[in-house]
Amino acid sequence: MPSAEISTALIGIVALCFFLYRPMLDKPFSEDDGQWLYNALLKTRSPDTKHKQHQSHGYFGISWIFSRAFSAWSSPDSRAAYTIKAIWYTLTACSIFWLTLLIWPSALTAGIAATIFIVATALPSTLFFFTYGEHFFLLPINISLALVIIGTAGTSLPLILLAGIFSAWSNQIKITSLPITLATPLLFLLGGAFFPMLGLFWLGYLLVTAAPMLFIKDRYEKQTYFMALYGPVLLFLIMVLKKIKLPTVKKITKKASQAAKYDSPVTPYAKAMITKSRNRKLEILLENMSAPALDMSLPLLLCFAQIPLCLIQGGTALVPAGMLSLFIIMQQCQQNYHPPHFNPVWVPVAMLSAKTVSDLVSMGGATGAVISVCVVAASLWLGRVAFCLVRSRQAEQRIAIGDIEPRLSLLFKFAEQVGAAIRKATPQDASLFVWGDQPSLYLYANRRSIDPRYLFVYAHHGEAIHLPYLLKSLTLTPPDYIIFYNWRIHDDWDMEKIQAHTMTPYTSAGNFSVPGDDGKPYVDEYDFTWDFPLYQLDKAKYHETLLDRAQFLCKIKGPGYHIYPEVDRLFPGQPEPALKYDFWRYRQIRPQAMEDIEKRIAGAETAEETISLLHVRAMIAYASGDIDQELQTYETILKLNPMDIRAMAEAGGILLRKGDMSGATRHLARATALAPYSITAAANFALLTGKSGDMEQYTLLMNRCRTFLNNLDLVPTEIESFERMFSLESLQPTD
């Protein structure tokens, strides 16, 4: 094959990619971009050392690719991300040219194959602009197959080793490429050294699979890496084996299910896809794939016409037909009928249809009727393609996200404005949580998430997934800012409900609205107003909340003393945290403790310092069993600061146990109204309602307290201690 012919074809491929991929660069981030590019863009935690943030795929996956590619940009953004995708697809098109050329040594056939693939990636209906593993593993798969074909033809063992490396890389990007990896060694039958080639191929595979062990130091993270890579395969096998009702198989699947329970969204995601498609496969297939199939109708027809000829020809001609079969099997294993999961098929479709076109062009003695039919068919298809590609360059379509209703597509672009506003209005080290399925906001705002495991709150479900764990995260590490950008699922989760579950105070920090035609916030067909409120952690109240939480946990024999160093770190300058930490950690009161604290109170220079020390004195009185002095101390605090919630809640609890219902009601009603985030106030007020005979309210408030304590990861004995301390039987009046 003349090198000039090949060079010309490759230049044409690159030029066509540059022209057709141009509209892609204006796209906003999609939802999946927020997950895959989180580490790469924010550089919050290197994927090299913290693999546990990359669930359901391998170490050298999409995030790793973008992390390396973004090093060429000083300030990477959505345009940089789409530029990387465009370059990757260009390389994929070149790899298709190479692979096709090895199977059928014709620059025409190879050039047509690459062109058809480029058209498929540029058509809006195929959704190739989304960041999916299926779009990225095509390049290493093609390179691996090409190396195997060359290696088996010339018995070049080093190329076989390299092929194993690229095949392993495709699995790292997404394990659904595993069927291709398992089938690739069949090509060694065409060579003369089957077993040496087989050994070298799997050696290359193992080198890539084991390489992350050099970077991952933590034993748990090493285990997580392997489960993240191969867990989906294990889960799939479990689902298949569960259909076999034999007792031995049941035991195996039970043990395998226990082994597969790792912290990943794979399990609920897989179940959601299977449930969604059950008994509706054809309906969902037509709904999702009608547009791509129509746009690629002629290549599909030409592809199916070529398959019988490939089967007759045999040899390497079976490669594209085998790829087509295996890619369809991959999709069926996932049971996800979204177009990106079908997109790998466009590689073999491009190759097979290109061969058919090449055969038609080289066919001698074709009748005028045959030529006319071919010309008309080609003209109709090219006309449809041209219309779609021209339309994709229009302003509205350039920012459109797939087949979503045009106005909904605006929300993806609107997220860019929201993110920019958050970035401008918040400190650089502020944390953010996005309630909804729009993690691209983290990228636009350039703000870290409190827990990257929960970048998606709903993830294709009708309700929030992993909710208990998510609420624990929000309770233990509350974000500095929370924004509700939830337009897919309309449920009752709002700031008030989150505060009720986490007992963490927030205040309004702004609101973002998408205007309708009348200038007012747009209301969609589900009567949902496109208002996206932003809330900020109330630092002053949170300070009091932490101190309240710490002492409450200590009193129920929980690990509350661990909170005091965190309080001292977040809010330095007050003596209370350090003094209480020393006491609650060792649970010992020095004989002269009260005398020492009285001296410090007398020497306090500010009212704030005095109040802080008085809280310590109240704790010493509590530990000494002097309930009267404890109450008197809290009353002193309230004289200095009538709005001290902790003093109100503690004084109310003491009065309740002393039988002073009037005094208890006065303090506790006010404390719970002013500070619904105080666990001490809530628990004491629950006891007050129970004592007053309102058992329904008592049960409701106690359940709220239990929910909150569960969010703090308390052990059963600590929950039992809480139950005893705030049971109605605990109300024995103390003189």
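This is a predicted model: local features need pLDDT of at least 70, side-chain atom pairs count only at pLDDT 80 or more; totals for chains, interfaces and linings use all residues.
Just after α30 comes Gly-625, whose phi is positive at about 80 degrees.

Helix packing is the next topic. Two packed helices are described by the angle between their axes and the distance between the axes. For helix α8 (residues 138-154) and helix α17 (residues 318-334), the angle is about 145 degrees and the axes are 13 Å apart. The crossing of α8 past α17 is right-handed. On the α8 side, the residues in contact are Leu-138, Ile-141, Asn-142, Leu-145 and Ile-149, and they meet Val-319, Met-323 and Phe-327 of α17. Sorted by class, this contact of α8 with α17 comprises 7 nonpolar residues and 1 polar residue, with no charged residues.

Turning to the strands, the model has an open sheet of 5 strands with mixed pairing, in the order β2-β1-β3-β5-β4. The edges are held by β2 and β4 (506-513); each has a single partner strand, so one side of each is left without a neighbour in the sheet. Strand β1 (residues 431-435) and strand β3 (residues 481-484) run parallel and are joined by 4 bridges. Within this pairing, Trp-435 has Phe-484 in β3 as its bridge partner. Helix α25 (residues 495-502) lies across β1, β3, β4 and β5 (531-537), and its direction makes an angle of about 135 degrees with β3.

The loops on either side of β2 bring the backbone torsions back into view. Most residues other than glycine have a negative phi. Asn-446, in the loop between α23 (440-445) and β2 (448-449), instead has a positive phi, near 55 degrees. With a relative accessibility of 33%, Asn-446 counts as partly exposed, because that class lies between the buried limit of 20% and the exposed limit of 50%. His-466, in the loop between β2 and α24 (467-476), also has a positive phi, here near 50 degrees. The relative accessible area of His-466 is 23%, which makes His-466 partly exposed.

Technical notes: Residues are numbered from 1 along each chain as its sequence is written. Side-chain values use heavy atoms; hydrogens and water are left out. Helices (H or I, at least four residues) and strands (E, at least two) are DSSP runs, numbered from the N terminus. Buried means under 20% relative accessible area, exposed over 50%, partly exposed in between (1.4 Å probe, protein chains only). Axes are lines fitted to C-alpha atoms, for helices over the stretch in contact, and angles run from 0 to 180 degrees between N-to-C directions. A crossing is left-handed if the near helix is turned anticlockwise from the far one by less than a right angle, and right-handed if clockwise. Contact means heavy atoms within 4.5 Å. Ala, Val, Leu, Ile, Met, Phe, Trp, Tyr, Cys and Pro count as nonpolar, Asp, Glu, Lys and Arg as charged, and the others, Gly among them, as polar. Two strands pair if DSSP finds at least two bridges between them.
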